[in-house]
Each structure stands twice: as structure tokens, then as C-alpha cells.
Amino acid sequence: MTTTLITGASSGLGAEMARQLAARGNDLALCARREERLIELKAEILAAHPERRVETRTLDVVDEDAVFETFRAFRRDLGSLDRVVVNAGLGKGAPLGTGGQAANRETAVTNFVGALTQTEAAMEAFRDQQAGHLVMVSSMSAMRGMPKTMTTYAATKIGAAYLAEGIRNELHGKPLGKTVKVTVLYPGYIASEMNEKVAQKTKMMVPTDVGVRAMVEAIEKQVDSACVPRLPWAPLSVVMKHAPLGVFKKLM
């Protein structure tokens, strides 16, 4: 049995990961800003899987002290944290220099500084336990600098991915590297609250349950990294990274 902590678990990808991981035998530590949503999700999961243990706590990941307190409390309550999914994030943004500094800064602080704090708290537990699995939810937008409202978001997502990859680099070849695993996920267009406004504008959008199933399968395999769903995003990642800018802009 695995104990999995998921941040940003009150809706979207986080909530669906909780449902699917519970179905696969995980006990859960769920945190997010919206307490009512967490309570509803806990009741839903326990109704479907009464044998599971589900603990919830409200958390804003930009509150550094609260992140450490919450992760430590979950570990005390559940006995261990086998896996931490750094999932909480924002998608706000505006083209740089157009008066959207407040939105861009909020996204930067939540998605990068918040991810850094969550990673610090997770690794504190894993180093003490000498075991664990860090899962960083990045984005396909991390493959290349993105234009307009996506510029800051994409920058935070490559930053978050590099946090996780830096840990993998540090642990490689060391004893702790055999027991602490690091996975970076690069989701493509998966329907969620964050992207509901663009859901009708792309043919590549997949339903939440389908996209999250690909994420969960990659998590359970403990892969180093994965573009999810694999098709079309794994081959597209190569194009996104290396296509001439004019070609890339047409794709986006």
C-alpha cells in the first residue's frame, strides 16, 4: 500500500488523480485551498473505496510555513509519505509589458516558488525516511518559450521540471538514488478547470479521466519523465523543441 500526498487536489487533475490512485490501492493525503471541495472529494472516494484512508487539510502553497506544517502533519497522521505529487498551480497570465504584472507574478510565485517549497518539504520527509517518490507535474508548455498569456506559465513549468531533474541528478549513483525516485510529468491538453475556456478550441483536448489515466500509469511505473498522453505529445515534444520559430508559432 502506498501513501500519496497530492497538492491542488480539490479539482481538475489533482482530484482525478486522487480518485484513480485510490482505486489502485493508495491511501491519500489531499490538500488544497478549497476545504468544501476536499470534503466532497473525500466522501466520494470513501464511498467508492471504504477500505482506503483519506486525510485532508487546507493549504495555500504560497504559505511557506503552512506547507512544511501540512506535510509534516500528514506524515505523522499516516505514518509515512511514500509519494508526493507537486500539482498545485495557476494558469493566469498576460503578455509581458501590457499591465498584467500582478497576474504574472501570482502565477510565478504559485507555480515556481510554491513548487520549490513543496519539493523542499517532500525531500525533507524522503531524506529522513530514506525512501520516497517525488512527482512533479510540469506541462507540455515547458518544451519551449511560449507567447502572450502563456509566457510566464511556461517559464514556471520548465523551472519546476528542472527542480525535480536537479534532484535526480544529485541522487544519481548514490544509495539514496535507489530508494528515492523522481518523476516529471508533461501533460498536454487534458480537460480541467484551468483550461476550460480553451476546451472547445483544440482537437487535441482529451477528457480528464483519460488524460489522468496516462499520468497515473506513468506515476506508478516511476518513469523519469513522460509526455502524457503519449500520443500525440511525445512526438510533438521533439517538434516543439526543435522546429524553426515560424513553424512552431503555427503549431501553437
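Residues are numbered from 1 along each chain as its sequence is written, and side-chain values use heavy atoms, with hydrogens and water left out. Because the model is predicted, local features need pLDDT of at least 70 and side-chain atom pairs count only at pLDDT 80 or more, while totals for chains, interfaces and linings use all residues.

**Helix packing**

Two packed helices are described by the angle between their axes and the distance between the axes. Helices (H or I, at least four residues) and strands (E, at least two) are DSSP runs, numbered from the N terminus. Axes are lines fitted to C-alpha atoms, for helices over the stretch in contact, and angles run from 0 to 180 degrees between N-to-C directions.

Helix H1 (residues 12-23) packs on helix H2 (residues 35-48) at about 20°, with the axes 10 Å apart. H1 is therefore roughly parallel to H2, a term for angles under 35 degrees. The crossing of H1 and H2 is right-handed, meaning that the near helix is turned clockwise from the far one by less than a right angle. In contact terms (heavy atoms within 4.5 Å), Ala15, Ala18, Arg19 and Ala22 of H1 meet Leu41, Glu44 and Ile45 of H2. This contact has five nonpolar, no polar and two charged residues. Here Ala, Val, Leu, Ile, Met, Phe, Trp, Tyr, Cys and Pro count as nonpolar, Asp, Glu, Lys and Arg as charged, and the others, Gly among them, as polar.

The axes of H4 and H5 come within 8 Å and cross at roughly 15°, so H4 is roughly parallel to H5. H4 also passes H5 in a right-handed crossing. Residues of H4 in this contact include Asn104, Phe112, Leu116 and Arg127, and those of H5 include Tyr153, Lys157, Leu163 and Glu170. By class, the contact of H4 with H5 has 10 nonpolar, seven polar and three charged residues.

**Nonpolar cores**

A nonpolar core is a set of buried Ala, Val, Leu, Ile, Met, Phe, Trp, Tyr and Cys residues joined through side-chain atoms within 4.5 Å. The largest has 42 residues, and Leu5, Phe71, Val84, Phe126, Leu134 and Tyr186 have the most contacts inside it. Among the elements that each supply at least two residues of this core are strand E2 (26-32), helix H3 (64-78), helix H4 (101-129) and helix H5 (151-171). Another core, of 28 residues, lies apart from it and includes Leu28, Val85, Val216 and Ile219.

Buried means under 20% relative accessible area, exposed over 50%, and partly exposed in between (1.4 Å probe, protein chains only).

| Residue | Relative accessible area |
|---|---|
| Arg52 | 11% |
| Val84 | 0% |
| Thr117 | 7% |

Arg52 is found in the loop between H2 and strand E3 (54-58). Not counting residues up to four places away in sequence, Arg52 touches Met1, Ala22, Gly25, Asn26, Asp27 and Leu46.

Val84 lies in strand E4. Leaving aside neighbours within four places in sequence, Val84 is in contact with Leu5, Phe71, Ala122, Phe126, His133, Leu134 and Val135. Val84 and Ala121 are 37 residues apart in sequence and 9.5 Å apart in space, C-alpha to C-alpha.

Thr117 is found in helix H4. With neighbours within four places in sequence left aside, Thr117 is in contact with Glu64, Val67 and Phe68.

Terms used
Angles under 35 degrees count as roughly parallel, over 145 as roughly antiparallel, 65 to 115 as roughly perpendicular and the rest as oblique.
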